[in-house]
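Q: Hi! Could you walk me through this one?
A: Happy to, let's look at it together.

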Amino acid sequence: MKKVIYLILTLAYLAFVYYAKDMFDAYTLSILSNIGIFAILALSYNLINGTTGQFSLEPNGFVAIGAYITALLLIPAETKLDMFALTDPAPIVLKMHADFLPALLIGGVAAAFVALLLSFPVFRVRGDYLAIVTLGFGFIIRILAINNPEYTNGAMGLNDIPSYADFTWIGTIALITFVTMLHIVYSKFGRGMKAIRDDEDAAIAMGLNTFKLKTFAFMTSAFFEGVGGGLLASFLTTITPDQFSFLLTFQLLIIIVLGGLGSMSGTLVATILVMGGMEWLRFLDEDMVIFGIHTGAHPGMRMVVFSILLILMMLFARRGLFGDKELPEIIEELKEKFKKSSK
Amino acid sequence: MSRYILRVENLTMDFGGVRAIDNLTFKVPKGSTYGLIGPNGAGKTTVFNIITGNLKPTKGKVYLEDEDITGIKPNKAVYKGIARTFQNIRLFKSMSVLDNILIGFDRAAKYTYFEAIFRLPRFFKYEKEIRQKAYELMEIFGIREFAKYNATALSYGNQRKVEIARALATNPKLLLLDEPAAGMNPKETDELADIIFKIKKDFNLSILLIEHDMKFVNKMCDLVTVLDYGEKIFEGKPSEAIRDPKVIAAYLGDFTHA
């Protein structure tokens, strides 16, 4: 029964993703695509930060790696020669080229590989120290991007990236990310990751190889952040190092905390609320008429309102919207409560 | 093959200037229940932590059967067949009783990360297998009805049972119980003793336990070692331990010098 419902939902979603092009205008599609990309990034970030409970602050680094590698693979050699203004591009930059899907995968694999290397130093420390070490990594990637113009065109960034990433691509990959995350969470690996979050020493005493589990979570997270970064590059068609500052990590952190650390469906809902909310509240920046009085245009007003809304949401749902549970579990609980109260 | 499941030889453990364990030697015969008793701060839990590899001893050796396991990594100790419970119950708070016990079956589920992601047949095969085993364990402990409950929602006595069941799930040869009867009422203690007798027989276990409840120790243990300030002051039958003047002095204070 459940399986049938999930199958129907999946098919309906895929149909939506494939026919969205004909149903919506370009503005709506761009908002949807933005939500899709952030869903990919937030879901994968949630695996390491929420499910495994390793408070890390590095996703901007992995997104940057994915974005730059995918972009360099997609841009034709002639365009690169024209674009690189500070120095000539390195020979390998001119040579590298791939189609869209392989380019995305290479970006993801590269990010995962960096995560593997990074996991040896970072998982020697726990808690706050982990946050500081990973934060440092995010900064390093950005500085490397600025200071190696023969690979990245420095602070000017890359533009004219071929625009393959439409909502069909983004929506499909978002679904793949979501399903993959759920498959991990509901397996012995996901159970082990949650055990690490709850009590790492007890997990070790049960024979879990916690370093391996943390590295798996970290690499999986990095892979999808890399792929998401590639989609972002192709969707925006232009990237600069400043896009991958700490603010990106911060935005993702808001999403996963709002959705509930450890809840994948919560992260999805939170992505729609946060990324959609920023757009839907746009009217607040404009001149409004309230009881016949013109308020005047206040650019930035939507951020004020948005922040207040966020604070309110966190006040009423301390552990995020869904806590660490998934949507079906919450529906089940509500049903139980309803049964009890109706008795 | 050795007659002893566990041999601890000349164990010494220093924390800075404090000698927590001083030249301790004892042997746990196969299939026995062995008690480690002594007043607070005598070093009992330290001995446990050394056996499970959480601490590396300053001097001395630990042998499991005939294998030297001194300073083994804690998760490797589990692979060798040592499972433990904690003095203060340490269940995974956000997880259900079933999931807590499934953690113990982690090694029994031999599917890989990719098989889990792509949901290949081996994933379903092993998941089904370990779930069945977990339910069997819960049946033995009488906690099957709580399978889907959050582990921390259970009573203290039942949480203890979940913890022991979780340790048993790792398929140990030697089970270390750190104060299993602490905080339980007499009825729960009796019930726990019955369960421990049963699992010991069913799973062919040797048990090493730390306990303060002398009635419980008397009932459960074949042999005991009494520790005081890291030194062994008595070894032998529990019924004799409670009559030994040194043991009484350690627990109640030495009146001759008072």
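A: A term to start with: helices (H or I, at least four residues) and strands (E, at least two) are DSSP runs, numbered from the N terminus.
Q: Okay, and where is B:R119 found?
A: B:R119 is in the loop between helix 4 (113-117) and helix 5 (121-141) of chain B. This is a predicted model, in which local features need pLDDT of at least 70, side-chain atom pairs count only at pLDDT 80 or more, and totals for chains, interfaces and linings use all residues. Residues are numbered from 1 along each chain as its sequence is written, while chains are lettered from A and ligands numbered from 1 in the order in which they are written.
Q: What is the phi of B:R119 like?
A: B:R119 is not a glycine, yet its phi is positive, about 50°.
Q: Why does B:R119 count as partly exposed?
A: Because B:R119 has 15 C-beta neighbours inside 10 Å. A residue is buried if 20 or more other C-beta atoms lie within 10 Å of its own, exposed if 12 or fewer, and partly exposed in between, with C-beta atoms placed from the backbone.
Q: And B:N171, where does that one lie?
A: B:N171 is in the loop between helix 6 (156-169) and strand 7 (174-178) of chain B. B:N171 has a positive phi of about 60° although it is not a glycine, and it is partly exposed, with 16 other C-beta atoms within 10 Å.
Q: Switching to domains: which ones does chain B have?
A: The assignment gives domain 1 (1-81 + 172-258) and domain 2 (94-171) of chain B; such bounds come from an automatic or database domain assignment. The centres of domain 1 and domain 2 of chain B, taken over C-alpha atoms, are 27 Å apart.
Q: How many residues does the contact take from each?
A: It takes 13 residues from domain 1 of chain B and 11 residues from domain 2 of chain B. Two residues are in contact if their C-beta atoms, placed from the backbone, lie within 7 Å. On the domain 1 side, the largest share, five residues, comes from helix 7 of chain B. By class, that side has 10 nonpolar, one polar and two charged residues.
Q: What do those classes cover?
A: Ala, Val, Leu, Ile, Met, Phe, Trp, Tyr, Cys and Pro count as nonpolar, Asp, Glu, Lys and Arg as charged, and the others, Gly among them, as polar.
Q: Now chain A. How many helices and strands?
A: Chain A has 16 helices and two strands. Of its 343 residues, 44% count as buried.
Q: How do chains A and B touch?
A: In this contact, 21 residues of chain A meet 26 residues of chain B. Helix 10 of chain A gives the largest share of the chain A side, seven residues. That side divides into nine nonpolar, six polar and six charged residues.
Q: At what angle do helix 10 and helix 12 of chain A pack?
A: Helix 10 and helix 12 (residues 210-236) of chain A pack at about 110°, with their axes 10 Å apart. Axes are lines fitted to C-alpha atoms, for helices over the stretch in contact, and angles run from 0 to 180 degrees between N-to-C directions. Helix 10 and helix 12 of chain A are therefore roughly perpendicular. Angles under 35 degrees count as roughly parallel, over 145 as roughly antiparallel, 65 to 115 as roughly perpendicular and the rest as oblique.
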